[in-house]
Amino acid sequence: MTAELPQPSDNVERRGADRTLTVLDPGPLTTVQDLGRPGLGHLGVGTSGAADRRSFRLANRLVGNDENAAGLEMTLGGLKVRFDHAAVVSVAGAACELRLTHGAPAMYGPFQVRAGDELVVGTPGTDLRSYLAVRGGIMVAAVLGARSTDLLAGLGPPGLAPGMVLPIGTPTGEAPLVDLAPQPGYRAVPTLTIVDGPRGDWFTPDAHQALCAAVWSVSADANRVGVRLSGPALTRRILGELPPEPMTSGALQVPPDGNPILFLAEHPVTGGYPVIAVVAERDLHLAAQLRPGQQLRFRR
Amino acid sequence: MRILPCGDQAVLAEFEDSGQVIGAHRALMRALPPGVTDLIPAARTVLASFDLRRTSAAVVADWLATASSAPAATEESSRTVQLPVRYDGADLAKVASLSRLSVAEVVARHLGGDYTVAFCGFTPGFAYLTGLDPDLHVARRARPRTRVPAGAVALADEFTSVYPRESPGGWQLIGHTERPLWDLSWDPPALLTPGTKVRFVEVSS
């Protein structure tokens, strides 16, 4: 499925400082994200970056960007922006209605915007996070090698606010060739694959059995750091205190109340509770799309 | 040392004590193998995160195992940072009562410690210092503060630390330092990195 993009009459991609987009309404929470800051964990800086990396990478690929080019991560959509120049844009992740000054573009494929066009992103009916990529990338200043916002660590640009003007980079990569990426169907109760965590032996056989047998619910306590799950209490075999230990994305950390916290991209570098199991890398994008109130299962 | 699984993108190495962790982290940081993206020490463990498309858990585990013979951190191999402190923290009297010592004795014991940065966590540049007098091992506050000022010198459990910037926090505050601990224009941006030796020096008020 390849196609040359149509070339609108004003599509002389401008270079320099006048390549910007202006935020009219950020929606509930929109941040600049890339693939984060790996390699600084020993200084107390987590990798962080886009929560659903599969959708984030897809949005970049669709506009011909490097997979690490900075884009926008929306939580429950709601973003309204004005493009101050012609640009190629894509939106991936949680499915939202898109309205452009001239038309209604589709998600999961590149579309052309003209100078002055406004894009309004609706609220997704399912899933949680959507990603907007612009050909050339969002070129806010890099902090410690990344342009992404780490709300927990206070690094990178603040969350988007009305009136913010974001610089767009000059496109460098190959022009995009794909015009639509097929998406897997939505599953109301997703099943996430787990693999061994470091402290599985701290838990009873009943806890391990319950982890994969139960239907878990996502509590209201859900953000980029992680989601707190409710279900059967996971009981401990070893009751001692765990000295602080490094954490990973996908870790299921179990506090004393027995309800696991599933860590997402912005998880703290270290944690003080044992990790019973870890969500496999291939299913982390499902974890990042869980909404409060939604149910899920785990399987080994 | 033993190797523990930690999902499909990381391997955890567990050591006997913090000195071994610091020595192993220092030895391993000299040459990260291809595909290892982060190497993070904590109290008893070192986590190696990797790109599963570029390497494997088995390869990373073998590499971690080479650190079992690494020398523990020694005085000679570490730099020392002196932090000037004014002992005026909001919890100083409470720490004295919890530890059944006078305020003057709490200050003297804290000043008397030879500290080592065991690891960083919580916020960028927040260093967990080991070497605290056992009589000063106090529990963290039952209700964390929503706002702890930058430079606050604090205690919790077996650790002492300094808050690099204003943040929420549950540690017991005993004083403050004016010395900056985190600056994005430094390389590295953290003053206190794993293995760094720390001495507190009292500034009279």
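The model is predicted, so some limits apply: local features need pLDDT of at least 70, side-chain atom pairs count only at pLDDT 80 or more, and totals for chains, interfaces and linings use all residues. Residues are numbered from 1 along each chain as its sequence is written, while chains are lettered from A and ligands numbered from 1 in the order in which they are written.

**Chain B as a whole**

- Chain B holds 4 helices and 13 strands; helices (H or I, at least four residues) and strands (E, at least two) are DSSP runs, numbered from the N terminus.
- With a radius of gyration of 18 Å, close to the 17 Å that the globule rule gives for 205 residues, chain B is as compact as a globular protein of that length. The radius is taken over C-alpha atoms, and the rule is 2.2 Å times the number of residues to the power 0.38.
- The C-alpha trace of chain B spans about 55 × 35 × 30 Å along its principal axes.
- Of the 205 residues in chain B, 46% are buried. A residue is buried if 20 or more other C-beta atoms, placed from the backbone, lie within 10 Å of its own, exposed if 12 or fewer, and partly exposed in between.
- Among contacts in chain B with a separation of 6 or more, 61% link residues 24 or more positions apart; a contact means that the C-beta atoms, placed from the backbone, lie within 7 Å.

**A hairpin in chain B**

- Strand 3 (residues 36-41) of chain B has 5 of its 6 residues buried, so the rest of the structure largely encloses it.
- Strand 3 of chain B runs antiparallel to strand 4 (residues 45-50) of chain B, joined by 5 bridges; strands pair if DSSP finds at least two bridges between them.
- These two strands form a hairpin with 3 residues between them, and B:Ile40 stands opposite B:Leu47.

**A closer look at B:Tyr128**

- B:Tyr128 sits in strand 7 (residues 127-130) of chain B and is buried, with 28 other C-beta atoms within 10 Å.
- Beyond its neighbours within four places in sequence, B:Tyr128 is in contact with B:Ala118, B:Phe119, B:Gly121, B:Phe159 and B:Ser161.
- B:Val117 is 11 residues from B:Tyr128 in sequence and 5.7 Å away in space, C-alpha to C-alpha.

**Where chain A touches chain B**

- Here 30 residues of chain A are in contact with 36 residues of chain B.
- Strand 11 (191-196) and strand 14 (245-246) of chain A each supply at least two residues of the side of chain A that touches chain B.

Note on methods
Two residues are in contact if their C-beta atoms, placed from the backbone, lie within 7 Å.
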